[in-house]
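Dear colleague,

Here is the structure I promised to hand over, with the sequence alongside. Please have both open while you read the notes that follow.

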Amino acid sequence: MSERVAVVGGGILGAAVAREILRRRPDCGVTLFEKEDRLASHQTGRNSGVVHAGLYYQPGSQKAVLCRRGVKLLEAFCAERGIRRVACGKVLVALTDEERVRLADIEQRALANGVPGVRIIGAGELGELEPNVRGLAALHSPSTSIVDYAEVTRALAADAVDSGAKVLLGHEITDIRPGNAQVVISARTAAGGEEAAFDRVVVCGGLQSDRLAEMAGDDPHPVIMPFRGEYYTLKPHRRDLVNGLVYPVPDPRYPFLGVHLTPRVDGEVLIGPNAVLALAREGYSWRTVSMPDAVQIARTPAFWRFARRHWRTGIREVAGSLSRRRFITAARAYVPALRDDDVVPGTAGVRAQALDADGGLVDDFRISIRDRVVLLRNAPSPAATSALAIAEHIVATLTSGEQPGSR
């Protein structure tokens, strides 16, 4: 009998893993479980769509290695499937001399990671690339691009289905019970409960990854904290304010990047995101509150350790969330011509931020194995960019049976 593999999670990572299993093992029986009524409902379908080139990441880290591999695989997949991808380029804009110094370190990381064409440019050349952007200098990454990750996810899942996979929407996993010979999965559906046994399970649960891991008997840490990122969008007649991606220079003192401007493949231009604590795992507005989720946050020591370190940042992010003027002022530092009435409220996403027990941010990808269950415990940006490479890594682990490194 062929091996039966369950994949939990219908975002881009789950779809990529299901497809990759069948590319390597066409005889496997693969079932993809997704609790919503469509794929890519949460992080995958609510991000900015940037295909990251690999500028920031520590050379040799999983982020760096899998991002660069993932870019190549994603570009080839989009070309093969006719999925639109726009190489709009990206500038990291330095507003101060201190930020200009930091650009040099980012450039060295990018070059060590093999990012093509990246270089520091002066204010004059920045003005040629982005006439409405002001800064002392910038790091230019001409190969950075944008794509619709929900469209990519649907195409990946279609490939998996064509190869024999089953995709079960509306199936919320309620239990994962590993045993010596199999793993039993229980799911809640509109029609009631279902139960099935599998030889192996891969969990790509995103915002629910820690809860699913505990079901499988894994450690409680890292724990997921939901941070909502809110966007404004430029009105159509002002979309020409930027030509490509306009980003700030990352500040290592702060856990989040800050407001930036992001064109999308559908023509929209996003401004944001901020980062405010969401009071529900899938809380896309201040009005969405889950008492169980809020109580869990309040009872999590790791969160309070994190909050003590970054409370000033938290106050600033909440202020930006509650005041459009304050939010747009942050973006106007880079695009002085931007006016308050140039924007309308946009979408929001929730980031699954993993925290270790000491309250530290888990920065790199983290994968663990519990018996016959492979758990993707942390998949921060650039996870969508890296999805096909992460899938290769996970499926190689399934094939070899080896424990992957956790970094």
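A residue is called buried here when its relative accessible area is under 20%. By that cut-off C78, with a relative accessible area of 2%, is buried, and C204, at 10% relative accessibility, counts as buried too. Please keep in mind throughout that this is a predicted model.

The structure holds zero disulfides, a disulfide being a covalent bond between the sulfur atoms of two cysteines. For C78, the closest cysteine sulfur is that of C88, and because the two sulfurs are 14 Å apart, they are too far from each other for a bond. C204 is likewise in no disulfide, the nearest cysteine sulfur being that of C28, 15 Å away.

As for the chain as a whole, 54% of its 407 residues count as buried, and it contains ten helices and 21 strands. The radius of gyration is 21 Å, which agrees with the value near 22 Å that a compact globule of 407 residues would have, while the C-alpha trace spans about 65 × 45 × 35 Å along its principal axes. Among contacts between residues at least 6 apart in sequence, 73% join residues that are at least 24 apart.

Turning to the interior, in soluble globular proteins nonpolar side chains tend to be buried together. The largest nonpolar core in this model has 67 residues, and those with the most contacts inside it are V17, I21 and V152. Both domain 1 (3–45 + 150–222 + 362–400) and domain 2 (225–361) give residues to this core, so it lies between them.

Strand 3 pairs with strand 8 (residues 145–147) over two bridges in the antiparallel sense, and S145 in strand 8 is the bridge partner of V51.

With best wishes

Note on methods
Residues are numbered from 1 along each chain as its sequence is written. This is a predicted model: local features need pLDDT of at least 70, side-chain atom pairs count only at pLDDT 80 or more; totals for chains, interfaces and linings use all residues. Side-chain values use heavy atoms; hydrogens and water are left out. A disulfide is a pair of cysteine sulfur atoms within 2.5 Å. Buried means under 20% relative accessible area, exposed over 50%, partly exposed in between (1.4 Å probe, protein chains only). A nonpolar core is a set of buried Ala, Val, Leu, Ile, Met, Phe, Trp, Tyr and Cys residues joined through side-chain atoms within 4.5 Å. Domain bounds come from an automatic or database domain assignment. Two strands pair if DSSP finds at least two bridges between them. Helices (H or I, at least four residues) and strands (E, at least two) are DSSP runs, numbered from the N terminus. The radius of gyration is taken over C-alpha atoms; the globule rule is 2.2 Å times the number of residues to the power 0.38. Contact means heavy atoms within 4.5 Å.
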